[in-house]
Amino acid sequence: MSSVVANNVTPVRAAAGVSDTVEVIDNEKALKAMPLPKRLARHLKMYWHLWVMVLPAMIFVGIFAYIPMYALQIAFRDFDPTKGLTGGRFVGLKYFNQFFKSPIFTQVLTNTVRISLWTLVMGFIAPIILALLINQIGSKKIKGFVQTITYMPHFISTVVIVAMINIFLAPNTGLIGRFFEGSNLLESTGLFTTIYWVTEVWQHVGWNSIIYLAALSSVDTSLYEAAKMDGAGRLQLIRYVDIPTILPTMSILLILNMGNVLNVGFEKVWLMQNAMNLPVSEVISTYVFKMGIQSNQISYATAIGLFNTLINFFFLVLANFISKRVSDTSIF
Amino acid sequence: MSAATSQGSVAPRLSGDEIPFNKHRRFKQQSVGDWIVDIIIALLVALIVLLILYPLWFIIIASFSDQGLVSTGKVTIVPLGFQLGGYAKILADSRIWLGYWNTIVYTVIGTALNMLVTMPAAFALSRREFKPRRIILFFFTFTMFFAGGIIPNYLLYKQLHLLNTMWVFILPVAVNVFNLIIARSFFETSIPEDLHDAAQIDGLSYGGYFLKIVIPLSAAIIAVIGLYYFVQHWNDYMTGLIYVRDSSKQPLQIILQNILLANQTQQGGAGTGGASMANQQQLADQIKYGVIIVSTLPLLVLYPFLQKYFNKGVMIGAVKG
């Protein structure tokens, strides 16, 4: 059907082309001369369909993303349940100070940074290596098979992933746990971070490699041919053709990751926590949940959450700024 | 040309011209160094595939095996002591059915709403002549980097009377900005602009163009975005944990957590008299394996059908911010 439409129309368009441009120029001039309400009316007349299409999404985001942002002012007030989202006496930085001075502050912050940095760095490197490896596979069938397998864990729920960790690491009976006699890996404070990032990489490495594979598939094959003529071996092709190709993608992902420096997936840490590993597994998000929802210290928890968001936002902007300066790549 | 040899090569290279009809020219041309690199790469890839596949495979075979053999490490490649006791218990457990039903309701209604809201918005934002789209897009993307967090959300849901209702699983996540951007990039790059010109000449409005021309051409992106939303709803654990107290409204993931992680199987499912403690423990173990399979089944069924669209879907969206 589409080809019929295209065939019918191409000559018409070509014929109409000249007069079209002239009309557009006239419109632009006329538009600028128009008073604002008239311009607005004209805009709505032309585009009201598009507005109707985009408005529902805007309303949902407005309510469920922007109202909570507005409600962040509770962090600076004594929360009063009778006064709703924005009420209560203004107390300034009281709750921030309470958090900074509490003995748990250093612990929670260190845990968060330790877990997230390990995950960020490993989770950043692993997909690049996997993509470079998969890209070397000649056979399309094998390549497709490897991709299918490596993408799969991405869709498994966090609850199931943590259940699998518990099953495999269970002392005495688990697939891995039975090789560590006498020690319970799940309660180990030294291994919590490692278990966290290794399983995180296991689950997402395949999925996160897609974007690099997409970039690699756009390499002009003549580039490889030319490099081979010049005597480049397999490794040199990777070093001098493949890696430069994915460099812009790498920097964008690095910027986006930087915006998550203090974001450790709440669900997974929460589900992996137990009484024994708590000193190393309590992170900002789990602490916010415990304070806010479980202990009902609304203002205090909101302040901690806001602190977290601000640090993340700062790192994102910083990384974006550096990347813009260094490699001319940025997200905004 | 024949002088071109890579570092560390021993055998002289044959140029492509000397072996005109060889389909496997690439391999014939390689030096020994490249050949070794090839083998190392093949081994590494095989190892990675094995590392990812084996844990999944183990869960499957363990769910069908005699748990005595599983816990002593005898079950490795195929099921041993074939048993379906775990699955029988799971099918008889009303909690799992309730969780399953709740999750299906939330997922179906939620995904339908997601698509209805996201797709038209993505289309509107893909129209270059629609001048306000820059600022609207910023309105959306800003929320990816700055958010209120769980406490302000909680208070908002409380005011809107969403707590303890099914709607808390559906309405707050009606739009995922990441998915919106992916869909928008697809409309921008994969639908030929000629079609819009043609539609305009035929007198089609934006709505008509979207419904009659764009949607039929967008099967790939609808499949990918639909799957993303489906998985998001299916795997949602946090919403139930934080915003819902009523156990009759809890989704599958919360039930799963109760069974898998809180060790409640004994009191909940396997309270039959006569069985010894060891037997009960074994049954509980088998239920764990089985419940993982049962809860992941819908995704495993959908996966092969949608898999071919993945590369396209992720590729389009992720590079543009």
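1. Confidence in chain A. Helix α1 (residues 2-33) of chain A has the lowest confidence in that chain, with a mean of 50, while helix α3 (residues 94-101) of chain A has the highest, at 95. The values are pLDDT, the predictor's confidence in each residue, from 0 to 100. Helices here are DSSP runs of H or I, at least four residues, and strands are runs of E, at least two, numbered from the N terminus. Residues 1-23 of chain A fall below 50 in pLDDT; this stretch has eleven contacts in the model beyond near neighbours in sequence. Chain A as a whole has a mean pLDDT of 85, and 90% of its residues reach 70 or more.

2. Ground rules. This is a predicted model: local features need pLDDT of at least 70, side-chain atom pairs count only at pLDDT 80 or more, and totals for chains, interfaces and linings use all residues. Residues are numbered from 1 along each chain as its sequence is written, and chains are lettered from A and ligands numbered from 1 in the order in which they are written.

3. Fold of chain B. Chain B has 16 helices and zero strands. Of its 321 residues, 40% count as buried, meaning that 20 or more other C-beta atoms, placed from the backbone, lie within 10 Å of the residue's own.

4. Annotated segments. The unreviewed UniProt entry annotates "transmembrane region" at residues 35-60, 104-123, 135-155, 167-187, 208-231 and 287-306 of chain B. Such annotations may be inferred rather than shown by experiment. In the model, residues 287-306 of chain B are 100% helix, with end C-alpha atoms 29 Å apart. Residues 208-231 of chain B are 83% helix and 0% strand, and the end C-alpha atoms lie 30 Å apart.

5. Domains of chain B. The assignment, automatic or from a database, gives domain 1 (16-83) and domain 2 (88-319). Eight residues of domain 1 of chain B and seven of domain 2 of chain B make the contact. Two residues are in contact if their C-beta atoms, placed from the backbone, lie within 7 Å. On the domain 1 side, α2(B) gives the largest share, four residues. That side has three nonpolar, five polar and no charged residues. Ala, Val, Leu, Ile, Met, Phe, Trp, Tyr, Cys and Pro count as nonpolar, Asp, Glu, Lys and Arg as charged, and the others, Gly among them, as polar.

6. Chain interface. Contacts link 87 residues of chain B with 86 residues of chain A. The largest share of the chain B side, 15 residues, comes from α2(B). By class, that side has 57 nonpolar, 23 polar and seven charged residues.

Technical notes
Buried ≥ 20, exposed ≤ 12 C-beta atoms within 10 Å, placed from the backbone.
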